[in-house]
Amino acid sequence: MSVKMQSLDSNRKGFSSSNSNLGLQWNLQDSNFYPGGGLFASVSQMGNDDNGGFKLPYADLLVKYVSLPEGFKNQGLSEEESELVDRKKKRGLKLKIKVSNPSLRRLISGGIAGAVSRTAVAPLETIRTHLMVGSSGNSSSEVFQNIMQSEGWKGLFRGNFVNVIRVAPSKAIELFVYDTVNTNLSPKPGEQPKLRVPPSLVAGACAGVSSTLVTYPLELVKTRLTIQREAYNGLLDAFVKIFQEGGLQELYRGLTPSLIGVIPYAAANYCAYDTLRKAYRKVFKQERIGNIETLLIGSAAGAISSTATFPLEVARKHMQVGAVSGRHVYKNVLHALASILEREGLEGLYRGLGPSCLKLVPAAGISFMCYEACKKILVEKEGEEE
C-alpha cells in the first residue's frame with residue numbers, strides 16, 4: 001500500500017493526503033508536539049473524512065510518542081515554535097551543579113566514582129582477598145560458602161567502609177593527577193609531541209603512584225581487617241595496634257610491590273582507556289560518548305591492565321598479611337614471588353585471577369562511567385554543556 005505525503009498546510013499545523021487511496025489527516029497541537037519519544041500511541045477514535053479516507057482525531061498523541069524522521073520532525077511549525085520544541089527537547093531533565101574550580105570538579109567526580117564502583121563490587125573484593133591468601137578455601141564457591149555460613153551477607157561487605165574511605169580520596173587524587181599531568185604533557189594543536197610515548201601512559205603512572213603513597217596505610221588496614229577480623233575492634237583499633245607492632249614501617253609493609261604493581265597497572269589502564277576513547281570517536285565519527293559505551297571502554301581497559309600485573313598483586317597481599325596464622329614473612333617482592341612460585345608453582349601467582357577480573361573489570365568500567373557522568377553534572381557555569 002503506497003501512501004504519498006504532500007505539502008503541509010501551515011495554517012492548520014497539520015497535513016493531509018488526498019492523492020492516495022488511504023487519506024490521512026493529522027492534527028498537530030502546538031502544546032503537545034514533542035517529537036522523538038517512545039513507541040506508545042493513544043488513538044481512541046477513527047472515522048471517515050470528507051474524502052472517504054480515515055481520520056485520526058487524536059493523532060497529536062500519536063505524533064507525541066512516535067518519533068519521526070530527522071528531516072520531518074518540525075515541519076508544519078513556525079520558526080519560533082520549532083526553536084521552542086528543540087530547546088525543550090534539548091533541555092530535558094538535566095541536573096547541573098555549578099562548581100567553578102576545575103580541580104575541585106575533578107576531585108569530587110573522582111571521589112564519587114571511586115566510592116560507587118568499590119561498593120558495587122565489595123563482595124568480589126572480599127572473595128578475591130581470601131583466595132589470594134588461602135584463608136577460607138581454594139575456590140570462589142568454597143570461599144563464598146564459608147563466608148556465608150560463618151558471617152552471612154555482612155561478611156561479604158566486611159571492610160567495605162574502610163575500602164570506601166580509602167578508595168574515594170585515592171580515586172580523587174588519581175584522577176586529579178592524571179588530568180593535570182596529561183594536560184601539561186599533551187601537545188597543543190600545531191605543536192610537536194613532547195614525549196615519544198603517549199602522554200596518558202606517563203600521566204597514568206604518576207596518578208597511580210601519587211594515590212598509592214597517600215592512601216596505602218588504609219589499604220593495609222583494610223586487608224588486616226578482612227583477614228584478622230578477631231584481632232581488631234575496628235578501624236582505629238587496627239591502626240593503633242599495627243603502629244605499635246612496627247611503627248610507620250609496618251603501616252607501609254608491602255609498599256614496594258604495591259608501587260611496582262601500580263605503575264604498570266595505572267599506566268596501562270589510563271593509556272588503554274584514552275586510546276579506546278579516541279578509537280571510538282574515530283570509528284563512529286562522534287565526539288560524545290554515552291554512559292554504556294564508557295562502561296564498556298573502561299571495563300576493557302581494566303581487563304588489560306589487571307591481567308598483566310596480577311602476580312605482583314598476589315605478592316603484595318601476601319606481604320601485607322605477614323606472619324598471620326604461621327604464614328611466611330617475606331623480605332621483599334622478589335622473595336615473595338620466588339617463594340610462592342616454589343610452593344605453588346605458576347598457578348599460585350595467578351590464584352584468584354578469575355574473581356579478581358570479575359571485580360576489577362566492572363569496577364574500572366563503573367568508575368570511569370561515574371566519573372564522566374559527574375563531570376557532566378558539575379559545570380563551571382550555569383547553562384554549560386559538557
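**A conversation about the model**

Mentor: Let us begin with G354, which has its place in helix 15 (residues 353-377). Please keep in mind that this is a predicted model.

Trainee: Is G354 buried, partly exposed or exposed?

Mentor: G354 counts as partly exposed, since its relative accessibility is 43%.

Trainee: And how far is G354 from T307 in space?

Mentor: Their C-alpha atoms are 9.7 Å apart, while 47 residues separate G354 and T307 in sequence.

Trainee: What about A303 and A364, how far apart are they?

Mentor: The C-alpha atoms of A303 and A364 are separated by 8.5 Å, and the two residues are 61 apart along the chain. A303 belongs to helix 11 (residues 291-308). A303 is partly exposed, with a relative accessible area of 28%.

Trainee: What comes between helix 10 and helix 11?

Mentor: A loop lies between helix 10 (255-284) and helix 11, and K285 is found there. K285 is not a glycine, yet it has a positive phi of about 55 degrees.

Trainee: Buried or exposed, that K285?

Mentor: K285 counts as exposed because its relative accessibility is 72%, and the cut-off for exposed is over 50%.

Trainee: Changing topic: how many salt bridges does the structure hold?

Mentor: There are 13 salt bridges in the structure. One of them joins R224 and E245, whose closest N and O atoms are 3.9 Å apart. This pair links distant parts of the chain, with R224 in helix 8 (residues 199-227) and E245 in helix 9 (residues 235-251), 21 residues apart.

Trainee: Which residues are linked with R224 and E245 in a network?

Mentor: E250 and R253 are linked with R224 and E245 in a network of salt bridges.

Trainee: Now the surface. Which residues form a nonpolar patch?

Mentor: The patch is formed by L104, L107, I108, I112 and V116, which together have about 350 Å² of accessible area. Among them, L107 is found in helix 3 (residues 102-120) and is partly exposed, with a relative accessible area of 32%.

Trainee: Last topic: where is confidence lowest and where is it highest?

Mentor: Confidence is lowest in strand 2 (residues 25-27), with a mean of 42, and highest in helix 11, at 89. Over residues 1-47 the pLDDT is below 50, and this stretch has 95 contacts in the model beyond near neighbours in sequence. Residues 53-73 also have a pLDDT below 50, with 59 such contacts.

Trainee: How should I read those parts?

Mentor: Where pLDDT is low, the predicted coordinates should not be read in detail. For the protein chain, the mean pLDDT is 75, and 71% of its residues reach 70 or more.

Notes
Residues numbered from 1 in each chain as written. Predicted model: local features only at pLDDT ≥ 70, side-chain atom pairs only at ≥ 80, totals over all residues. Heavy atoms only, no water. Helix = DSSP H or I, 4+ residues; strand = E, 2+ residues; numbered from the N terminus. Buried < 20%, exposed > 50% of the residue type's maximum accessible area, 1.4 Å probe, protein only. Patch = residues over 30% accessible without salt bridge, like charges linked within 9 Å, V, L, I, M, F, W, Y side chains within 5 Å. Areas by Shrake-Rupley, 256 points an atom, 1.4 Å probe, with all protein chains shown as cover. Salt bridge = Lys/Arg side-chain N within 4 Å of Asp/Glu carboxyl O. pLDDT = per-residue confidence, 0-100. Contact = heavy atoms within 4.5 Å.
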